[in-house]
Amino acid sequence: MSSSSIFSSVPVIDVHQENFQEVWPSLVLAIKSATFIGMDLELSGLGNRKALNCRAMDDRYRAMADVARSRSVLSLGLSCFKCTDIRTAEVKVKDTEPTSPSKAKNDWKYLVQTFNILVLCEEDFIVEPITLKFLVDHGFDFNKQYSKGISYYRGNDKPTDHDSKSLRQLINILILNKAPVVFHNALVDLVFLYQSFYASLPSSVAAFVTDLTEVFEGGVFDTKYITEYMERLPASYLEYAFRRCQRKNSFSLPHEKDVVSLEFLDYPTSYTYVRYSRCELPHTMVERGDDADSDYLQRTLCHQYASFGWCSRGSSCPKSHDIDHIIDLDSIKPARKSRKRKRRRNNQLNSSSNEEEKTEETDESTEDSCSKDEEMESDSSVTKKMRVISPVSESYETQNKVKSLPAKTGSESESGLNNLSNKSDLGIARKEGHRAGYDAFMTGYIMAYYFTKYGKLPAEKRRNVKLTDLNVEEFKNKVYLCGKDIPLVITKSSFTKSSKDHREKLQKIKS
């Protein structure tokens, strides 16, 4: 078992009715030893999307609560990240200059265990056809879910329920452990998690938020909030944010920034319930300096999927959903601007002495624009304009159907499209995604990457790190809200009490 910042597959333990008792000790130990836990839920439907995005927060919450009471959880993903060590090394800012200053660089090492838990609600629930089609397109096995799903019920505990090894007991252990929990677009998952495995939802959003402060004492982190409000990437859906973090972490220069290194347990081949989700990196990446043909990418990529991570046509879409191509296209324009700035500076240095003063002024303005352009990825208004994927009409797509990315022609190869035909096989995160376990891993990995970027590590702390050591209050307990300029802040209100069902449940599990 060794750690590395570059990984090509992730082991995910499929947990179901037949192996739940066997996996239970490992599952509990992983939760109890975790620095933080990435979580994700697959659901049977979301109801009326407009109601879920009401302007008034009370109306929005009531709509979500109604959905959680009538739909079900299909699978629960847990990815436990344990920070085992943070190794610091002094590196030269410029390797080619012996006298260049040194800089401390941290290597954050995590042991990761990921579980995909199939569940089956024992009560009647609504299943939405659009959700079923979406999950089937992404490889969800409903036959397995109905035959092997672990039974659960919604709402408050039943007086007759004394099972010491159940989904409710598992969530109780997670709550008692006070480990921080991480979601991507957290609000819906939090509402479903509460109603399905904890207690009946309170009637108001204020009471719900107050309950959450006591349920998750370690804090709630929402990677979509950080991606939208702090990173300000061109897109913020889970697959895009994960792949972007994975790519940046993989080719970090020695002096650039901290890195995340992962290690996974070595499972014997006899463990047939362990599946490996592939996520190897592509052969070429624009951020690394490789070339790509923006015209070719613009023609072949699906605009809707590139923007939102979802396409109404699903697997029948004639356009490419390759996430690496999407990120390449988003990265092309900044790379070109950087090369132009470099040529401009060189030309200015070679200009005549009569224009030296003017050149100095130009250099200053150029450096200012350079620093601004380096922050383009953190400026949503700029990155949206930076996108070169243009909307394509349905008639155009219908007339130009392409089932997969075409093989390179000679001219395309000469233009720098190295191995693009093979990259269609590397939409691997998408193929393995939308399984709750792998989605939970992607969520946890994004968070681990953001901690290296925004966390402030005390000099004396290197082992058994807790998130309270990192001074991450800036984005703790802040949940992304669609269509809102501010997040939902999970904090106690002096005007609202916690709900009665919650108080009784919390007292029960702590006694």
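Let me open with Glu122. At 45% relative accessibility, this residue counts as partly exposed. Keep in mind throughout that we are looking at a predicted model.

Glu122 has a partner. Its side chain meets that of Lys158 in a salt bridge, 2.9 Å from N to O. Where do Glu122 and Lys158 lie? Glu122 lies in the loop between strand S4 (102–121) and helix H4 (129–137), and Lys158 in the loop between strand S5 (150–152) and helix H6 (167–177), so the pair ties together parts that are 36 residues apart in sequence. Lys158 is also partly exposed, with a relative accessibility of 33%.

Is Glu128 buried or exposed? It counts as buried, at 9% relative accessibility. Look at what its side chain does. It reaches the backbone nitrogen of Leu46 at 3.1 Å. Leaving out residues up to four places away in sequence, Glu128 touches Ser44, Gly45, Leu46, Gly47, Arg49 and Arg71.

Back to charge pairs. How many salt bridges does the count come to? It comes to 23. Side chains of opposite charge can pair when their charged atoms come close. Take Arg435 and Asp14. Their closest N and O atoms are 2.8 Å apart, and they form a salt bridge. Arg435 lies in the loop between helix H19 (428–432) and helix H20 (436–454), while Asp14 is in strand S1 (residues 9–15), so this pair ties together parts that are 421 residues apart in sequence. Both Arg435 and Asp14 are buried.

Now a local pair. Lys500 and Glu504 meet through their side chains in a salt bridge, 2.6 Å from N to O. Both lie in helix H21 (residues 500–510), 4 residues apart, about one turn of the helix. The general point is simple. An α-helix has 3.6 residues a turn, so residues three or four places apart point the same way. On accessibility, Lys500 is exposed, with a relative accessible area of 52%. Glu504 is partly exposed, at 41%.

Asp157, Arg168, Lys505 and Lys508 are linked by salt bridges.

On to the cores. Which residues touch the most other members of the largest nonpolar core? Leu78, Ile117 and Leu190 do, in a core of 68 residues. Helix H7 gives the most to this core, with 8 residues. A second, separate core has 59 residues, including Phe221, Leu233, Leu297 and Tyr454. Zoom in on Ile117. Not counting residues up to four places away in sequence, it touches Val15, Leu27, Leu74, Ser75, Leu76, Leu78, Ile150, Leu167 and Leu170.

First, H3, residues 57–70. At 1.5 Å a residue, its 14 residues should span 20 Å, and the end C-alpha atoms are 20 Å apart, which agrees. Its buried residues are Met57, Arg60, Tyr61, Ala63, Met64, Ala65, Val67, Ala68 and Ser70. What do they pack against? Helix H2 (49–52), helix H7 (186–197) and helix H8 (205–215).

Second, H9, residues 223–231. This helix is mostly covered, with 7 of its 9 residues buried. Those are Thr223, Lys224, Tyr225, Ile226, Thr227, Met230 and Glu231. The cover includes strand S6 (181–183), strand S7 (220–222), helix H10 (238–250), H20 and strand S10 (478–479). Now the two ends. Asp222 caps the N-terminal end, with a side-chain oxygen 3.0 Å from the backbone nitrogen of Lys224. Just after H9, Arg232 takes a positive phi of about 55 degrees.

Last, confidence. The mean pLDDT of the chain is 79, and 74% of its residues reach 70 or more. Two stretches need care. Over residues 338–343 the pLDDT is below 50, and this stretch has 4 contacts in the model beyond near neighbours in sequence. Over residues 352–433 the pLDDT is also below 50, with 131 contacts in the model beyond near neighbours. Where pLDDT is low, the predicted coordinates should not be read in detail.

Definitions and conventions
Residues numbered from 1 in each chain as written. Predicted model: local features only at pLDDT ≥ 70, side-chain atom pairs only at ≥ 80, totals over all residues. Heavy atoms only, no water. Helix = DSSP H or I, 4+ residues; strand = E, 2+ residues; numbered from the N terminus. Expected span 1.5 Å × (residues − 1). Buried < 20%, exposed > 50% of the residue type's maximum accessible area, 1.4 Å probe, protein only. Contact = heavy atoms within 4.5 Å. Core = buried A, V, L, I, M, F, W, Y, C linked by side-chain atoms within 4.5 Å. Salt bridge = Lys/Arg side-chain N within 4 Å of Asp/Glu carboxyl O. pLDDT = per-residue confidence, 0-100. Polar contact = N/O pair within 3.5 Å; in protein donor to acceptor, adjacent residues only side chain to side chain.
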